[in-house]
Amino acid sequence: EREAAAAGFEALCQQVPDLADNLSNAVVERLYEMLHSDSLFGIEQAARCFAAMSVTEQGVAGVTRELIGIKSEGIGPLVEVLKACPAVSVQAELCNTLRVIASHRAWSLVVCEMAGEKFIEMLQSDRMESVLSSCRALSGLAGMAEGGRRRLRAGTEHQEAATPVGGGPRGPRGPATKQQPARPPTPPPPP
């Protein structure tokens with residue numbers, strides 16, 4: 001019953017992404033309870049809901065916010081379940097959830113630091129679904145890194161284009177120096 005309600009909620013979030021922007025703590029708490037349940041289907045469904053919620057900035061803020069008595073701020077529970085649960089189907093859903101969260105610039109480095117090692121470990125699995133899930137997650141992280149490099153490169157090129165030849169107002173070497181007023185020529189000594 002709880003899984004069916006979560007599946008309906010997931011479908012709604014996919015159709016109306018802004019729906020996840022202002023969820024009450026109670027809804028998010030129920031999803032984290034499902035994430036820590038004994039039901040593989042429940043864990044998978046919770047992960048799918050978190051992925052659907054994380055499409056928007058406010059939605060990912062709802063997924064990662066602190067819930068007193070449940071979790072601290074961040075993605076810790078998602079990564080813990082990813083590392084602890086051997087079920088490939090659960091790992092696949094959690095990899096997808098983390099990939100969606102990492103698509104937000106503020107979270108890409110956090111996902112990389114916390115789950116990157118597990119993604120690499122999954123690459124070495126003999127289970128094809130595990131390898132594919134890891135590849136999708138890592139390619140999402142790589143895409144964010146490449147996008148960051150492009151933005152940085154574009155910013156640098158824009159800055160270079162805006163700087164006049166010769167180094168700009170401060171000259172080619174260091175800060176501007178105060179111009180000394182021109183002195184009148186010294187008269188020749190009297191005969």
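Which residues are linked in a network of salt bridges?

1. Glu10, Arg48 and Glu93 are linked in such a network. The model is predicted: local features require pLDDT of at least 70 and side-chain atom pairs count only at pLDDT 80 or more, while totals for chains, interfaces and linings use all residues. Residues are numbered from 1 along each chain as its sequence is written, and side-chain values use heavy atoms, with hydrogens and water left out.

2. Between glutamate 10 and arginine 48, the closest N and O atoms are 3.7 Å apart. Glutamate 10 belongs to helix H1 (residues 2–15) and arginine 48 to helix H3 (residues 40–53), so this pair ties together parts 38 residues apart in sequence. Helices (H or I, at least four residues) are DSSP runs, numbered from the N terminus. Glutamate 10 is buried, at 11% relative accessible area, and arginine 48 is buried at 18% (buried: under 20% relative accessible area; exposed: over 50%; partly exposed: in between; 1.4 Å probe, protein chains only).

3. A salt bridge of 3.3 Å, N to O, joins glutamate 33 and arginine 30. These two residues are 3 apart in helix H2 (residues 25–35), a separation of about one helical turn. Glutamate 33 is partly exposed at 35%, as is arginine 30 at 41%.

4. Lysine 118 and glutamate 121 form a salt bridge of 3.1 Å, N to O. They lie 3 residues apart in helix H7 (residues 105–123), or about one helical turn. Lysine 118 is buried, at 9%, whereas glutamate 121 is partly exposed, at 47%.

Definitions and conventions:
A salt bridge is a side-chain nitrogen of Lys or Arg within 4 Å of a carboxyl oxygen of Asp or Glu.
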